[in-house]
Amino acid sequence: MRRLITLSYRNPHLPPYSVEFAGRRRRVLDLPLIAWLTFIWVLLWSTLTWANVVTGAVVAIVVCLAFPLPQVDLGLRLHPWGILLLAGYLLYDMYTSGVKVTRQIFSDRPHRPAVIGVPLRCRTDLMLAATAVTVSNVPGGSVVEVRRATATLFLHVLDADRPAELEAARRSVWKLEKLTVRAFGTPEEIARVDEPPPPVPGSDHAGEDA
């Protein structure tokens, strides 16, 4: 009797952690991809609720069934402990950054905004996009451009007249990159983010007036 649903551990030809649905047209759901799309959906809504998680999972499944992708290695790995660390740090960073931005808005001191470049250690498209999405969800860390050729994020900051703030913004991006890669990256990418951050070209004058 033909199985209606086949898990990847029963079929070595399926991608890891995937499910195959029998029928007139073969359909394979990549569970790590479903989890990743659901995570992106929750980040886009900026609110962690059961409704957003369930809706994101349903949308991800419908999209993957309607527009099946060829079987390729996306370079996505799920590390449960890394995901928990990333989620916890994001919640903490969202709160502290929100308080900081609120103080900046209501302070009497004028602010000099700027756009700074932050070179990343991982150069894969997936990790570049994931880091950019993660950074964009933290108040005060708007990503205005991702330069794939040099693996550089261009970030809008408020206090460009204070070198310490610029350095803190870069360290925050590198911290989020490291947590994101440890949550979803390959072993090679994880080893890469354990290395020191790359040098910033012209770091003494990294800010560009916005």
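Predicted model: local features only at pLDDT ≥ 70, side-chain atom pairs only at ≥ 80, totals over all residues.
Arg 121 lies in the loop between β4 (114-119) and α4, and Glu 177 in helix α5 (residues 163-184), so the pair ties together parts that are 56 residues apart in sequence. The structure holds 6 salt bridges.

A salt bridge also links Arg 148 and Asp 125, whose closest N and O atoms are 2.5 Å apart. Arg 148 sits in the loop between β5 (142-147) and β6 (152-157) and Asp 125 in helix α4, so this pair ties together parts 23 residues apart in sequence. Arg 148 is exposed, at 57% relative accessibility, whereas Asp 125 is partly exposed, at 42%.

Helix α4 (residues 125-136) has 12 residues and spans 16 Å from its first C-alpha to its last, close to the 16 Å expected at 1.5 Å a residue (1.5 Å times one less than the number of residues). Helices are DSSP runs of H or I with at least four residues, and strands are runs of E with at least two, numbered from the N terminus. Buried residues of α4 include Met 127, Leu 128 and Val 135.

Residues are numbered from 1 along each chain as its sequence is written. Local features need pLDDT of at least 70, side-chain atom pairs count only at pLDDT 80 or more, and totals for chains, interfaces and linings use all residues, while side-chain values use heavy atoms, with hydrogens and water left out.

Technical notes
Buried < 20%, exposed > 50% of the residue type's maximum accessible area, 1.4 Å probe, protein only. Salt bridge = Lys/Arg side-chain N within 4 Å of Asp/Glu carboxyl O.
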